Amino acid sequence: MESFLNNKFYVFLFVFIGFIGCKNEEEKVEETKPEKEELIMYQPSEMASFMNAMYVYNLQIKAQIEKGEVPVSMPLDLMTLHSAEMTKGNKRTAAWNNVVDVFIESQKAVLDTLSNIELKERYNSSINNCLQCHKTECTGPIPKIKKLLIK
Ligand code: HEC
């Protein structure tokens, strides 16, 4: 549990925050007509920050699994998905609601030491649920999330 709360984790978090947003495609169009708002520094929403924390968490889980270790800790409160404020313009759509609880259960299942499903399979299925939601809700980070899959 402590290992995720140490400084390294936060350094990691900072490096990744803001790298990839949902507006990848739109940004190109906007470049031609700069507006005042764009001069304001990018402030990730509570949800975007949480998503980045989930990304970093899963990156560490992936590394553990690849080393043959069994991950046991979940430093993030997944219920944040139900409460966090999203970037302006995003909301909890029907597609979001359809997958969010499935995702939460699959992410928890990664740590289920009593499961008889193979660890790698449980891990990949939780990442596939990230992708399932992203397919409609936020396509920008898909290539980045795909890299979390264990081959
Ligand atoms: C239920 C839907 C859903 C699930 C599940 C989900 N995401 Fe997201 N994700 C979103 C939405 C919506 C946003 C945009 C958040 C915002 O800024 O409002 C987002 C944003 C992101 C971002 C970009 C954050 C930024 O800096 O703008 C990353 C990276 C990300 N998600 C990774 C993940 C990973 C990794 C998982 C699985 C561990 C995951 N997501 C699971 C819907 C989801």
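Helices and an iron site in a predicted model

Q: How close do the axes of α4 and helix α6 (residues 94–109) come, and at what angle do they cross?
A: The axes of α4 and α6 come within 14 Å and cross at roughly 35 degrees, where axes are lines fitted to C-alpha atoms, for helices over the stretch in contact, and angles run from 0 to 180 degrees between N-to-C directions. Helices here are DSSP runs of H or I with at least four residues, numbered from the N terminus. This is a predicted model, in which local features need pLDDT of at least 70 and side-chain atom pairs count only at pLDDT 80 or more, while totals for chains, interfaces and linings use all residues. Residues are numbered from 1 along each chain as its sequence is written, and side-chain values use heavy atoms, with hydrogens and water left out.

Q: Which residues make the contact between α4 and α6?
A: With contact meaning heavy atoms within 4.5 Å, α4 contributes M47, M51, M54, Y57 and N58, and α6 contributes W96, F103 and Q107.

Q: What makes M51 and H134 the protein donors of the iron atom of the ligand?
A: Donors are N, O and S atoms within 2.8 Å of the metal (3.2 Å for Na, K and Ca), and the SD atom of M51 and the NE2 atom of H134 lie 2.0 to 2.3 Å from the iron, so both qualify. M51 lies in helix α4 (residues 46–66) and H134 in helix α7 (residues 119–137), so the pair ties together parts that are 83 residues apart in sequence.

Q: Why is the site of the iron atom of the ligand called octahedral?
A: Six donors count as octahedral if opposite donors are over 155 degrees apart and all others between 65 and 115; the site has 6 donor atoms with angles of 86 to 178 degrees and is classed as octahedral.

Q: Why is H134 called buried?
A: Buried means under 20% relative accessible area, exposed over 50% and partly exposed in between, with a 1.4 Å probe and protein chains only; H134 has 11%, so it counts as buried. M51, at 25%, therefore counts as partly exposed.

Q: How do you know that N129 counts as buried, and which residues does N129 touch?
A: The relative accessibility of N129 is 15%, so N129 counts as buried. Not counting residues up to four places away in sequence, N129 touches V99, V102, F103 and S106.

Key
Tetrahedral: all angles 85-135°; square planar, octahedral: opposite > 155°, others 65-115°. Helix = DSSP H or I, 4+ residues; strand = E, 2+ residues; numbered from the N terminus.
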